[in-house]
Amino acid sequence: MTIPIDWTVAGPATIVLAGALVALLVDAFYPRRTWLGSGLPATVALVAAGGELLRGDAGTYPFAFSAIVLAGTLFVVVASNVMNFENAMPPGEYHFLLLSAAAGGLLMVGARDIVTLVVALELLSLPSIALVGLRQGDRVAIRSAWTFFLASVVSTAITLMGVSLLYGIAGSLDYAKLRDGLADPRVPDGVVAVAVVLTVVGLLFKLGAVPFHVWIPDTYGGTSVMVAGFLSTVSKAAALGALLTLLSVALPSAHDAWQPVVGIVAAVTMTIGNVGALRQDDAIGLLAWSSIAQAGFLLAPAVAIGTSEGLTAPVQYLAGYALANLVAFAALAVVLRLRGSTGLEELRGMARSDPWMGIPLVLAGLTLAGFPPAVIGLVTKYVVIRPVVDSDHVWLAVVMGVNVMLGLAYYLRLVVILCDRPDGDPYVSPSPPVSVRIAKSAVLLGAGALVVLSAWPDLLLTHLP
Amino acid sequence: MIVAALLVPALVGLLLMIGRRLVRGRTAAWLGAGAMTVSLVLFADVWEGRADVSGEVDVSWIEPLGARLHLGVTVVSWPFLLMTALIGVLCCLWLLADDTSPALVGLVLVISAASMGVFSSLDLLLFFVFFELALIPMWFVIAWWGSSTSSSGAGAAHQSRFKNGARYSATRFLMFTVGGSALLLVGIVVIGLDGGTLQVLDAGSASLAAAVLVCLGFAVKTPIVPFHTWLPDAHSAAPTAGSVLLAAVFLKLGTYGLILFSTVLDRFEDVAPYLAIAGAIGIVWSALACYVQDDLKRLVAYSSIGHMGFVVLAISTQSSAGLAAAVFGSVAHGLVTGLLFFAAGSLKERFGTASMTRIGRGLYGRSPWLAVTFVLAAVASLGLPGLAGFWGELLSLRAAYEVGDVLTKPVAWTGLGLALVGIALTTAYFVRAIRLLAQGEPVPHDGDRDLGRREAVVMGALVVAIVVLGLVPALVLDLYEPIRFSVAR
Amino acid sequence: MRSVLRSHWLYVALTAVLALVAAIWAVPHLSEPGWFAYAPDPTGFTPPLPTLSPDLFLFPASAQIVLLAVGVGLLVQIYSTAYLGHHQRYRSYAMVIVLFLVAMIAVVGTTNLWVLLVGWEVMGLCSYLLIGHEWETGEARAGAAKAFLVTRIADLGLVLAILVIGETYGTYDLLGAQPLDGEAKNATAIGLLVLVAVVGKSAQFPLHSWLPDAMPGPTPITALIHAATMVAAGVYLAARMLPFYADSTVALTAMAVIAGITMLMGALFALVQTDLKRALAWSTVSQLALMFAAVAASDPEAGLDHLVAHGVFKALLFLGCGCLMHAVGTSALSAMGGMRRPMPVTFWTMTIGFAALAGIVPTAGFFTKDSVLHALESATEGDGALAGGTAWALFVVALITSLVTAAYATRLWLKTLLGPAPGGLDAHEAPLAMTGPLVVLAVATFAVSIGQPFHHGIGVVSTVIAAAGIGLVLLMWRRGSSLDWAPAPLAAELGLDRPFSRWVPRLTGDVASAVVDLDRDAVDVYPRGGAAAAALGTRGLALVQSRNVQRYATVLAAGVVVLVVVGVVVS
């Protein structure tokens, strides 16, 4: 079987992979373990890949997801400087794995047949698992990686079952041929339904949708903050892009089978995620559950995939979500480095005692909650409800509304703790490494972007697909 | 001009919050009062006549969604705007004290500005943004500057779990309101898709879902029974300025929203009977609840539910008398209940409690002017003709009596009957409150102190407004004389 | 400046100016002919939104009432300088009286129904404030609250009546709304609603009990508000609105029945009281009913004439009662007696008042009661809206009431002014500021008679009846009776007050407590239940999140099975 190569998709991925190798080599030849040595080639590779992406056919749908994957990874790379001089963290391997996973994400988004999709999924998954367990001598991290790995294997196995069924039905794994094959009226509906549901499991797993979310709280809590940030944004973006492409290009004729499933999964996901977040006492745990809930919001418009907004709305929501989430994770990474903990009590009064980190966190929280003054969060919520209503899923829209309320319960808690009066002087590491400033500037840049987007949501809404 | 009227208080508020260490509380309050006065003057000046949209600003905002920065003053929103600005000024003046936190003044300003933004929005999404903008600041006002309510509140057992009752009440308030506004958001989405536009003046929706969602959303905010249980807790826990803003301004976001959206929703008529009956039940229900309250702030809070019931009953008739009733009732309730909360706040400052039994009897003798002000506010609130509270209720009765276009006679007259029972009960509980507080053998207390200058100025302004509106209702009603209900269409 | 403000005479002067202005305005109207005879205004049928327009209109009867109000008001202000001048809250008291007079003039003089309503309710408020003037005492508080509640609930009838008038006639102006020759529409509805309003304001059965309970108020206030003006305004309103419902047999019959019951009941209650003020209050209730009887018999002029005469002599009696209370310190009958020598002015003026109450020639009370009885007798012919039989019954009840009235007037006269002085009593005449108004009112009691019509047939009958009543009581007095009858049901006022003083408040309180409980435990269940469910969910999720990979795999597998089933079933 020959796989046609579409260089507009493969080009950026190739550049990123090359950058990953260069980063590993630089680290091997200059083993000074400084973060910049391997971080610089990684940064250059990501920027170059971005240039390549722009040079290609920028109007296509995967472009937006690819851009989010690249920008998200770039943000993670910059913010990861916060881990400079942490002896347990090998920078060369870190950047190598990160960029490999990003390349996997790019390929997933661009995949036009299921084999590529599965391979890309693995290219994303395996480095991700390694990243989670990368911190040397950290037993919790290794255990988290182990959990992640097992869950990942189970879901991949299930997906492969679905894929084989699909192959059996349609005789091909190419999206275009699948589409025609499934449209054949002789194919029994039940079998199609089973095949489709099983196939999307792997992607729902990556997205963190219920009931495939169980690994998320453990994994996010057990790994480095920025790795968690990567998983919650770049990895989700890739999964969402792949899922939407799969559903809209390959499986539109099986629409009846997956639409209710997607709707129910979205509703349950956002509800479970929000309920789980209610009583978290650690900011990372809170964001982990919140990212589950947000996955529900990302998934919901997929019920309206037939309409044009069914495809654009998730992208726009994803962009706002990813930006806010990365800002939050990066700020928390800084907090962890300086204060040694991300417990909510640790954050008390941070908007007053450390406004340069506290206020971006407040802003990120409000964006995720969809609450003014973070108008961008509210507008993207509006955007994402629109196609759901348009496709007559008013019940799902109401569930989304209720979940906006539920979500506010814990985002408000975060915001209130941040704005509260500080309890005495918090412990702050006396000599923060200079590279923390780089991470801080990433946070501020991201927060600035949120402010600009809140003032002109038009910027986001007209420029993404 | 509208933009300036909104930005001035918002910016001053933000600066006060940022520079809270740099200014004294008194200075901050003066600055706040000045900013709100600027708004008041600008909004008064922008008026171009009832047929037009005054001071219209229409700038592109979010092109793909068809949302625009569309502001303007209409015949419906103008009285709301002036009332809000006036209440804002008075709240700032009320905070004229050395121990006032500048941040509190800042929050009051931001809340007022956001509320005025709601009233002047002519774009549904912009309306919603302003609608939500005021909520979190209000949470802070209640939770940080409020005080725990008496243990008679709903969920007293739950309160004990929380560090303080004010925080619990604030969170309840926020969760209820956000729950309602989330439904409203879905409703706005439906309207936007249905009519293809978010501009209030052009929008229209034939969807029943939109009508139900929007009305449910505002039912929480207004509030309409049975979505009212957040209100007594929040209003009684909030600090005086917060209670006043909540009652005078926040509830009006609900009634104004209902008025505005009822012009957009074609299927409003299907929801109207339920609104009418729920509103009327609310009048009786809240009056009965007031009849056995001991906490004065809770009593005033419950009485607000009744007043809002009259407004909702009026809106549900969709007649011109109903429109006038809704606007007049809302504005008058803002002034009267504002005065009641200021009076209750004065008592709470003096005695550390709003419990009527603990404040003790004979205020007529102990602090006569405060007692007289309270009695006047109570009498205005129970709808004595000649004071502002009456005309709104009267027009509601008239609207219900004349049935209007969308209700049926059994429904409207049931509402009318319930409203009459409610008026009788309202008289009863206010007479009871006067008897418990103002009259009786005076029991001297250390806190006995008559009105100070600051209190006298703030309350005096409201008293004047209440009497003037009571004797010259035409000031507001003339706006609605020949215009039919669908004015905003 | 301060001393001027503190001076009692400032308020008297204020009232005097008001009285003067009102008199200059009203007096010319006294001689203008005419009764409710205005042209209808054919403006459309969408009533405008309410405004308070200052349109005024007086006809002779209303001009008389304005003069009565300001006259009695001025006398009461003068009287109060001595009676209450020492009181620390005199100023607020005097100002509320002025406010009351303004409201009363507005009610009588306006043609705008909203102004009328405002005045009507402001009068109620003033009454409430003045009854509760001595708010330290529980009785005053209770009486004030009851008066305000009962009248305000009844006032809702007036509000509704105005709404119906507006909808029927398309205007809220009395001049525009008068149906001259045309058919009066919605007559029964308007009539019954007006009846509700006036029954409350004028303390008629079944809303009568607030008036006797209002007696803890200062006595001059009782004279002004609860005898001469406010309670009588109910009669004025019924008369003023009569053209709206004159055709309605239902409304007029209801009014007749209420008037009949009330006049006899009030008179009987007055007969057995042991307290002068309370007895006079019941007497007022009975006399007001007599006026309503005239209105029901479609002769409002007779009713209004009696209103004026009654206002004068009842104010006289109450102010005299105030002088007695000033002297003996209480209004209990047992504490009075033998006043002729120590208090000659009070004695003689009050004697004139009692004579007028009993209906003795040539006092005003005789002539105006004569007119009322004549009106009732005319109605027995049955050519009006009131059926002949009803009118007959009413006429007979009115005659019986006359008998009882003469009897209780005599009894009160004997027990308060004559008879043996109780031991230890050191009564002395009241100061000039108090006796002066008495004299003026006593003169007025005769002066009002001038020009009153006289119907000799009825006049003879009523004089005979009055003489019988007086004679009967005098006979018993001579025989040594103490005149203290108190048959148990009458002494308990037939228990008619029980629903208002016990059942309704208790029921309301119980229902209200239930509502508060329901509000907390039933209505609030959904948010609290939701919060509890969310908390439970959080805990449940924490259980799943056990870091046990096998459990995760189980969840995954179960989830897949569920999703597949959903997918298959739905598709």
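**Figure 1. Chain A as a whole.** Chain A has 19 helices and zero strands. The model shown here and in the other views is a predicted one. Along the principal axes, the C-alpha atoms of chain A fill a box of roughly 70 × 55 × 40 Å. A compact globule of 465 residues would have a radius of gyration near 23 Å, and because chain A has 21 Å, the two agree. Of the 465 residues in chain A, 66% are buried. Among the contacts in chain A with a separation of 6 or more, 78% join residues 24 or more positions apart.

**Figure 2. The largest nonpolar core and Ala330(A).** This core holds 644 residues. The members that touch the most other members are Val16(A), Ala330(A), Val194(C), Phe292(C) and Ala293(C). Helix H13 of chain A, residues 308-339, gives the most to the core, with 20 residues. Which residues does Ala330(A) touch, not counting residues up to four places away in sequence? They are Ala79(A), Met226(A), Gly229(A), Ala439(A), Ala442(A), Val443(A) and Gly446(A). In soluble globular proteins, nonpolar side chains tend to be buried together.

**Figure 3. The contact between chain B and chain A.** Chain B puts 23 residues into this contact, and chain A puts in 25 residues. On the side of chain B that touches chain A, the elements giving two or more residues are strand E1 (54-62), helix H5 (124-133), helix H6 (135-145) and helix H8 (165-195) of chain B. H8(B) provides the largest share of that side, 11 residues. By class, the side of chain B that touches chain A has 20 nonpolar residues, one polar and two charged.

**Figure 4. The two domains of chain B.** Chain B is divided into domain 1 (1-133) and domain 2 (134-151 + 160-488). The C-alpha centres of domain 1 of chain B and domain 2 of chain B are 21 Å apart. Where the domains of chain B meet, 38 residues of domain 1 are in contact with 47 residues of domain 2. Strand E2 (67-73), helix H3 (77-94), helix H4 (102-120) and H5 of chain B each give two or more residues to the domain 1 side. The residues on that side of domain 1 divide into 27 nonpolar, seven polar and four charged.

**Figure 5. The contact between chain C and chain B.** Here 36 residues come from chain C and 40 residues from chain B. Helix H5 (113-131), helix H6 (138-169), helix H22 (498-523) and helix H23 (525-544) of chain C each supply at least two residues of the side of chain C that touches chain B. That side of chain C has 22 nonpolar, five polar and nine charged residues.

Figure 6. The domain assignment of chain C gives domain 1 (1-247), domain 2 (250-485) and domain 3 (524-570). Between the C-alpha centres of domain 2 of chain C and domain 3 of chain C the distance is 85 Å. Helix H19 of chain C, residues 432-447, has 16 residues. From its first C-alpha to its last, H19(C) reaches 22 Å, close to the 22 Å expected at 1.5 Å a residue. Which residues of H19(C) are buried? They are Met434(C), Thr435(C), Pro437(C), Leu438(C), Val440(C), Leu441(C), Ala442(C), Ala444(C) and Thr445(C). What covers these buried residues includes helix H3 (60-83), helix H15 (300-328), helix H16 (344-358) and helix H17 (364-379) of chain C.

How values were computed: Residues numbered from 1 in each chain as written. Chains lettered and ligands numbered in written order. Predicted model: local features only at pLDDT ≥ 70, side-chain atom pairs only at ≥ 80, totals over all residues. Contact = placed C-beta atoms within 7 Å. Helix = DSSP H or I, 4+ residues; strand = E, 2+ residues; numbered from the N terminus. Nonpolar A, V, L, I, M, F, W, Y, C, P; charged D, E, K, R; others polar. Domains from an automatic or database assignment. Rg over C-alpha atoms; globule rule 2.2 N^0.38 Å. Buried ≥ 20, exposed ≤ 12 C-beta atoms within 10 Å, placed from the backbone. Core = buried A, V, L, I, M, F, W, Y, C linked by C-beta atoms within 7 Å. Expected span 1.5 Å × (residues − 1).
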